[in-house]
Amino acid sequence: MSAKPTYEELEQRIQALEGSSATVGSLEEEIENIFQLSPDLVGYGNLDGYFTKVNSAFKEFLGYGENDFYKNPFLSFIHKDDIEATKAALMKARDGKQEIYIENRYLCKDGSYKWIEWHVKTCLRKNRFVAIGRNITERRKAELGLAESEQRWQFALEGAGDGVWDWNARTNRVFFSRQWKTMLGFELHEIGDNIDEWDKRIHPEDRGCTYEKLNSHLAGETPVYISEHRLRCKDGTYKWVLNRGKVVDWTEDGNPLRVIGTHTDISDRKRTESKLKEVLEETRLLQNETAALFKAAKAIPICRNFDEAARIIFDTCKDLIGARSGYVALPSEDGSKNEVLFLDAGGLPCDIDPELPMPIRGLREVAYNTGDVIYDNNFCESPWMKYMPPGHAKLDNVLFATINIKGKTEGVIGLANKPGGFTKKDAQLAAAFGDLGAVALRYALSQENLKKSESRHKSIIQTALDGFCRTDETGRILEVNPSYSQMSGYSEGELLRMRIQDLEFNENSKEVASHLRSIVENGQDRFESSHRRKNGTLLDVEVIVQYRKDDDRQFVSFIRDITKKKRQERALNFQALLLDQIQDHITATDLEGKIIYINEAECKSMKMSKGEIIGRSVEIYGENRENGATQQQIIDATQKFGEWRGEVTNYASDGTEIVMDCRTKLIKDEFGTPVSMVGISTDITEQKMIGARLQQAQKMESIGNLAGGIAHDFNNILFPIVGMAEILLEDLPEDSPEYENARQILKAGLRGSDLVKQILAFSRRNEQCKMPVRIQEILKEVLTLTRATIPAYIEITEDIQPDCGLAMADPTQIHQIAMNLITNAYHAVETKGGSISITLKETEVEEINQPGAPVLAGKCALMSVSDTGSGIDPEIINKIFEPYFTTKEQSKGTGLGLSVVYGIVKDHHGDVKVYSEEGKGAKFNVYLPIMEKGDKSEFGNPKALLCVAGSRRTNRAVGFPGYSRQRFEWAGYGIAPGTGDY
């Protein structure tokens, strides 16, 4: 589709049509086309408030359909805030106004609003109007943003205390902010919005300059208008304001249109400036005094002695105050006379020898005694004249300024013959120069002391045992002492031709330069290094270096030979390395029990690093008061008797218990004074565990022997009971009471028989037939049986590794292990419900006799049975494998289930471990050794055969009345098949 024509193009087409001779029909058709193609929003309507026709651009712009415009009045589309203005425009049209301009917001189909600028022409005679609108949404957003920005700007300025003005240079109307008016003391309504309100309040003296700067800015000569002037307040007074403004808009012909700016009250600043001007004159007067004092002060450090500095101080003071003559003198050693350093007679005749001491008397004595400045402007008529020696220069007036050090007068500056006499200000100035004289004197004394100190310092450096070296920023050696020359093997002359880089072994030239820059930044450093001797050997040194920025940017280093110390450290490190190879645990402490050394074996045992242990008390090892000595007992016994030996229980960082056989010894120095304690311990935890297991095995073996003997005797008692019960069952009618009694006897006998089998299994005296067994097949068979007997509300999960290796075992006994453990798990979750998990996997057991580890090593089949029951009480968990120990009700178990499991597993050279937490269930792990591939082990022993005469027809054995074939098989015998009756 072709693009819609622009508004200008449509106007041109209408004008062309009007000038043509087209028919009315074709003209109307063309106008309709123009109406629909117009890019502007065009609508016809009546003054009753309804549109009668709108063009396509109108509908597309607002998103409505054809009928949406006609069924509702157009006021229903207008934003609520614009309805009143629109109604007012409509009323004007009804009153006869033919052309109206209005802006309002129209509701779009999607619920949003868009701004439209309308040009409306009315025809009151026909009660109709035509409206042409344009989209001004973006313009209004920009205007709104500008207004908000201006509001924020005004708010920010007024918040800062400035008054805001906004001047239309064409109309001379000005917006004065509230702050601008209140700054001058006016209410808001008391100042209008015309430029005259500002003009008539300008101070007459400031008017010319103010307008000159304003006109200069309006002409574009300055980027900003800035003027400081006075404005008259409501009460008639004037305030100084800082007036700042800028042209922000121009007319089409380039003239300033809009200027905005601020007024800031600077009255306080102006008052301060006025006061400053008053002070400026005094400051200017003081400048000469300050310059003179500075000149005198600056001369102090550059003069060679006090005499030179005193002459400069005196001359400067005399010239500044305006005296013509004077002198500087210091007291004699006994303090009775005034020894003159120099005398300036000021051109007056004077016969007094300045090198002769003056007695301290008269006005001079008053100055010495008080330490204050003393002056007399009528000295020639004062009583002090009697002390003047003959030939002395005539003195009209005199002033003495004392040189005081630590409250004691150490000299005077004497001035005389000032035209007009001395003033109080002169006394103050003279006192300041007297203080400078004191500084100069102290400095001179300190320089003398410094020279003496430097002489002593150099003597100390030259005789010091440590090396001394002074270098510049490049590392060039400027000074060394004999000690370093002896250390390095170079002569002093050779070293002064070298750089420190030539001696440094550990760092190359770039690294030395980088190190020097680091020392410059930090000011100093202390480090260990190695220097090359002249003979090529290495010298281990400790260097303390300082950077002296104020001393010609030099480095001063003290170098200590630590070759012997480093050799000792290497020896100690070697000894420590040897101690770390010892398997016994070594700990050294001070006399309070703080650890000062441990070897690597102790670190591994405690599962901590040396840094985590050294420096802490031995209390970190923990202690078990019921099993071994406490840490304090060991310390006390060692210090009392010199040594101690015994068992102690320590605890690693993870809580693992470690039993130690410990030997401690008290270490003394060469004077016999105790200095530390050393303990050497052997870890006997494994031995303790093995001993406990051996004791348990012996206990179980004794119980097994007892149980086996009882089982066999019990079996002999049960044998005829069961046999006779079977005979009775064959002879008695099944519906007779006697038959039921016999059946109960047989049932009790068989139950006893099962008990005997468990006892024999526990005691390992029953007949076994070991062969290569796939444990996973037996577990699947057991799971099939147990799933049928365990209620469905108890979940049973399995994870059986199909490729687990073969184990040399008795299948029946493996079956019994699985049944007993699953039955035990079922009883744990029977009441409250839960789940049982059975797993089988092949595993590699690496560590033996560690806490919780099985006693066998190598490849094993790991059968695990776990439950989510209430768990096992920690106090009884070590007893659960003992025979007849049970926590179940009397009718629920015999106490042999877990002991039978334990006996079978041990008989198969395996191990069983239990893990449990109260409230979190229990887990039994059974470890059985797996056969190596190609193992030729025999499959086991055959059953014993018993040959007896009997009858196949009756299945009776001759010589054993009432004993059938099944009874002999039950007793464990194999029956050889016969060929006839015997």
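These notebook entries record what I looked up in a predicted model of a single chain.

**Entry 1. Ground rules**

I number residues from 1 along each chain as its sequence is written. The model is predicted, and local features need pLDDT of at least 70, side-chain atom pairs count only at pLDDT 80 or more, and totals for chains, interfaces and linings use all residues, while side-chain values use heavy atoms, with hydrogens and water left out.

**Entry 2. The chain as a whole**

I found 26 helices and 38 strands in the chain. Helices (H or I, at least four residues) and strands (E, at least two) are DSSP runs, numbered from the N terminus. Of the 982 residues, 40% count as buried. Here buried means under 20% relative accessible area, exposed over 50%, and partly exposed in between (1.4 Å probe, protein chains only). The accessible surface comes to about 56600 Å², and 52% of that surface belongs to carbon and sulfur atoms. I note that these areas come from the Shrake-Rupley method with a 1.4 Å probe, and for residues only the protein chains shown count as cover. Among contacts with a separation of 6 or more, 53% are between residues 24 or more positions apart; contact means heavy atoms within 4.5 Å.

**Entry 3. Strand 1 and its partners**

I looked next at strand 1 (residues 41-46), where five of the six residues are buried. Two strands pair if DSSP finds at least two bridges between them. Strand 1 is joined to strand 5 (residues 128-135) by six bridges, and the two run antiparallel. Gly45 has Phe129 of strand 5 as its bridge partner. Strand 1 also runs antiparallel to strand 2 (residues 50-54), with four bridges between them. On that side, Tyr44 is partnered by Lys53. Three residues lie between the strands of this hairpin, and Gly49 takes a positive phi near 110° there.

I traced an open sheet of six strands in the order 13-12-11-16-15-14, with antiparallel pairing. The edges are strand 13 (358-359) and strand 14 (374-376), each of which pairs on one side only. Strand 12 (residues 337-344) and strand 13 run antiparallel and are joined by two bridges. In this pair, Lys337 stands opposite Pro359.

**Entry 4. Salt bridges**

I counted 37 salt bridges in the structure; each is a side-chain nitrogen of Lys or Arg within 4 Å of a carboxyl oxygen of Asp or Glu. Arg201 and Glu197 form one of them, with the closest N and O atoms 2.9 Å apart. Are these two residues buried or exposed? Arg201 is buried, because its relative accessible area is 7%, and Glu197 is likewise buried at 14%.

Asp265 and Lys239 form another, their closest N and O atoms being 3.6 Å apart. This pair links distant parts of the chain, with Asp265 in strand 10 (residues 256-265) and Lys239 in strand 9 (residues 238-250), 26 residues apart. Asp265 is partly exposed at 35% relative accessible area, and Lys239 is partly exposed at 25%.

Lys566 bridges to Glu528 at 3.0 Å between the closest N and O atoms. Lys566 lies in helix 17 (residues 563-581) and Glu528 in strand 19 (residues 524-532), 38 residues apart. Glu528 is partly exposed, with a relative accessible area of 39%. I also noted a salt-bridge network that links Arg311, Asp315, Lys318, Asp319 and Asp344.

**Entry 5. Thr664**

Thr664 is found in strand 25 (residues 657-668). I count Thr664 as buried, because its relative accessible area is 10%. Which side chain does Thr664 join through a polar contact? The partner is Thr638, at 2.6 Å. A polar contact is a pair of N or O atoms within 3.5 Å; within protein, one must be able to donate a hydrogen and the other to accept it, and residues adjacent in sequence count only if both atoms are side-chain atoms. Leaving aside neighbours within four places in sequence, the residues in contact with Thr664 include Ile634, Trp644 and Val678.

**Entry 6. Helix 25**

Nine of the 11 residues of helix 25 (residues 897-907) are buried, so this helix is largely enclosed by the rest of the structure. Among the buried residues are Leu898, Tyr902 and Asp907. Just after the helix, His909 takes a positive phi of about 60°.
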